[in-house]
Amino acid sequence: MFIYTFIVLIITSFVTISVEDLGLAEGQQSCVLPDDQEDKCSTICYPTIKPLLKHVASCQENKEVISQLQDIIRGQKIDINRLKLEYDIIKDRLEEYKKSAVLNNQLNKALDNNRNIVRNLNAKLNMLIRLNTTDDSIRQLNEENLLLRQRNRELEEMANEKETQMQDIPSSCLGFEEQGIRQIKVPGEPIEFNVLCDSKIAGPGWTVFLRNLGDENFNRNWTEYEYGFGDLKSTFFRGLAVLHVLTQSQPHELYMVVYSKDGSEFSNYFDNILVGGESEGYRLKSIGNPKTDNFIFIKNQVNAMFSTYDRNNAKTEINYAAQKQSGWWYSTGSQLSLTGWDPNAKQILMLIRPKM
């Protein structure tokens, strides 16, 4: 505002002096100058006023540029603060859950996010430098940029360490001679998980998928059956998501067995179990060929989706999962299951193993 006032004063003063120089008499009524005096005025005024007008226009452009730079800097600071918060959260969670593959996915996303923001900061800094601005915020942003690069390296080292650890994790229970909880990871999948391995019940390398001792509630909702419930040391259902990942990774066989209180045993092998994913309702795509006639009911459940009391994927008039208080691949052809408890049973088991 001061600049504009100053320019107006200069122009006013200059015009007054120019008028006097042109010989316009005091009190002259006409506002029209003779031709020779008008030419003289143009010769004197234009070269002087034109640079002033250019200066005003230049000041206005600089003001707009400064405003744009300030908006960019504010946006950068918001990005940096958000990135700092995200980094701190992920780093804390990484320390707390160092062995979690789910967190490893989040770590990779954070790395990608960091790289994108660093690239954006570099581009913005280069633009500010080209505009020849000397704002202190550029120096601060450059320091933030270097800090983000350093933190990126730290996250990458953690991710590499995690990846190295995961490479040593077996893909199944094959190779474990004793019963026990083991961690496995399917190649190509981002997560690892704990399973109960058994080599005594039906030979080596089996993964226990279901163990029912009659002391656990199997009337569970869809989410619980999807991700599993119970305790691997006692009664549990390992989860449909895990069953899908394992059976789709390579061909698996199935072993089902019921131990009765009177000491009798009923069992059967099926040579090719395959379960679809969540989008398919964890459909029982295949069971293969049985070795005996026990549990042959499951043959009538092939192509059935899994049902729970809150999701009747069988589309039957009666929700058999709710009626029998246990989730399973119920169908119009068979309403039997191994998740429902038999009072005469002592233990019910389902085990899977890669086909050897």
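**View 1. One disulfide turns up in a search of the whole structure.** In this predicted model, the partners are C173 and C197, with their sulfur atoms 2.0 Å apart. The bond brings together distant parts of the chain: C173 lies in the loop between α4 (136–167) and β1 (180–185), while C197 belongs to strand β2 (residues 192–198), and 24 residues separate the two. Here is a reminder for the close-up: a disulfide is a covalent bond between the sulfur atoms of two cysteines.

**View 2. The disulfide of C173 and C197 is left-handed.** Look along the S-S bond of C173 and C197: the torsion about this bond is about -70 degrees, so the disulfide has a left-handed form. Both C173 and C197 are buried.

View 3. Leaving aside residues up to four places away in sequence, C197 touches C173, F176, E178, Q179, G180, R182 and W206. One of these contacts, Q179, is 18 residues from C197 in sequence, yet the C-alpha atoms of C197 and Q179 are 5.3 Å apart in space.

**View 4. Stepping back to the protein, with its 7 helices and 9 strands.** Of its 356 residues, 37% count as buried. Taking contacts between residues at least 6 apart in sequence, 58% join residues at least 24 apart. The protein exposes about 20300 Å², and carbon and sulfur atoms supply 51% of that area.

Conventions:
Residues numbered from 1 in each chain as written. Predicted model: local features only at pLDDT ≥ 70, side-chain atom pairs only at ≥ 80, totals over all residues. Heavy atoms only, no water. Helix = DSSP H or I, 4+ residues; strand = E, 2+ residues; numbered from the N terminus. Buried < 20%, exposed > 50% of the residue type's maximum accessible area, 1.4 Å probe, protein only. Contact = heavy atoms within 4.5 Å. Areas by Shrake-Rupley, 256 points an atom, 1.4 Å probe, with all protein chains shown as cover. Disulfide = S-S within 2.5 Å.
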